[in-house]
Structures are given as structure tokens and as C-alpha cells.
Amino acid sequence: MITALIAEDELLVRIGISSCVSWAEMDIHLIGETGNGLEAWKLYQEYKPDIVITDIRMPGLSGVELIKKIRAVNQDCALIIVTNVDDDETLKEIQQYGVSSILLKAEMNKSDISAALQKACERLRETDNPFTHNTRTDDKWHGILFENSGAMLPFSVKGMIGLRVFPEEKLSHQMQQSLSNLVLSRINGREAYDVVSKGS
């Protein structure tokens, strides 16, 4: 399931966004809401959401600073801007970070928010992003894991199935969790508790 975070300091706007969207119908899990940019960054680091809906002007950390921090660690996260800012220079600056949609608070409605989320979901599913578990990526990892590539070797100890990974580069905790989830989804009746990264 795709995950989302809302960072918006105006309470009514934040409530409006969270309540007007049929999250379950869109197959999106809203993992958190906050009105503070620093708190949004902490939530991002903890949950690694696929979509971040953020204002530009917030206490603690501005939306622009939040976007920069996210992009420094993740190029695939879908970013939706909800703002009152109509300054062309500011909007031009944020667009260089691959923003999915920009919505003006004074003009946006329920349909606009849903359309922006749909666009973000489509963008995520089109990319080879293992954290969204799309079909193309799932097939890609399935080939690596289960077609005896030699790079990743399943093993069994005391009724548990694990996975030894021999990567060319260090695997992040995010990637390890993604691989573990894939193994869980593919092996019926067994549990894969961890991905052990060798040489990381």
C-alpha cells in the first residue's frame, strides 16, 4: 500500500485534506499529519512515506527546506504542494525538485486533491520503486531472489526462512525491509524475519 504524510500548519486546511480524501479507496495509508516542518521531517525519517503533501510556509522548517531534505535521500517520493504562495520565483524553485502537483489553497477543492493524489500514485507505480510494490518492480525482485542469480541466497534455519544478500553496494534499512516484505509475500506458510546484508 502507498503511504502518505500531510505537513500543513493551518489546522482547518489539514483537517480538510485528511477528511475529504477516500484514502482506503485510493489504496493509500495516511501515516501522519503535522503542522510543523521539523516534525514532518522526523515523521518522514521514521515512516518513509511514498507521498508527502506539504505547505511551503510552516514553523520549524519551511516546505522548501523539507523538500530539499527529502530529495537528498529519496528521488522517488511524490511531492504535492498545497500553498497560498503565488510568488513565481518560489514556485519555480520548488518545481526543480520534481514536484508532482502544486495546489493553491484559495482555489483547490476535493476533486483537485484527489486528482493530485491519483497523479502521484500513477507516478509512483510507473517508477521502479520497491517500496510501492508495483508489478514491474515485484517481478524484477522476484527474478533476482528466486531465479538463482547467486546475488541473494535464501536459507532455512530452525523453521525460519532468511535471506543472505551479497550486494555491490550497501543496502539501506529501507531496502532491506522492502526485500523482507517481498519474501514474506512470496513464501506461503513461512515467515522471513530479516534480511541480513553481508559487507554492509
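In this predicted model, E93 and K68 form a salt bridge (a side-chain nitrogen of Lys or Arg within 4 Å of a carboxyl oxygen of Asp or Glu), with their closest N and O atoms 3.6 Å apart. The two residues come from distant parts of the chain, 25 residues apart: E93 sits in helix α4 (residues 88-95) and K68 in helix α3. Helices (H or I, at least four residues) and strands (E, at least two) are DSSP runs, numbered from the N terminus. Both partners can be described by their relative accessible area, where buried means under 20%, exposed over 50%, and partly exposed in between (1.4 Å probe, protein chains only). E93 is partly exposed at 29%, and K68 is partly exposed too, at 37%.

How many salt bridges does a search of the whole structure find? The search finds four. Salt bridges that share partners join E8, E10, D55 and K105 into one network.

K105 is buried, at a relative accessible area of 13%, whereas E10 is partly exposed, at 35%. The side chain of K105 also meets that of D55 in a salt bridge, at 3.0 Å from N to O. Here again distant parts of the chain are linked, as D55 lies in the loop between β3 (51-54) and α3 (63-73), 50 residues from K105. Both K105 and D55 are buried.

Turning to the surface, D86, D87, D88 and E89 gather in a patch of negative charge. Such patches are made of residues with over 30% relative accessible area and no salt bridge, with like charges joined within 9 Å. Asp and Glu count as negative, and the place of a charge is taken as CG of Asp or CD of Glu. One of the four, D87, is found in the loop between β4 (78-83) and α4, and D87 is partly exposed, with 36% relative accessibility. Accessible areas come from the Shrake-Rupley method with a 1.4 Å probe.

Residues are numbered from 1 along each chain as its sequence is written, and side-chain values use heavy atoms, leaving out hydrogens and water. As the model is predicted, local features need pLDDT of at least 70 and side-chain atom pairs count only at pLDDT 80 or more, while totals for chains, interfaces and linings use all residues.

Conventions: Patches are made of residues with over 30% relative accessible area and no salt bridge: like charges are joined within 9 Å, nonpolar side chains (Val, Leu, Ile, Met, Phe, Trp, Tyr) within 5 Å.
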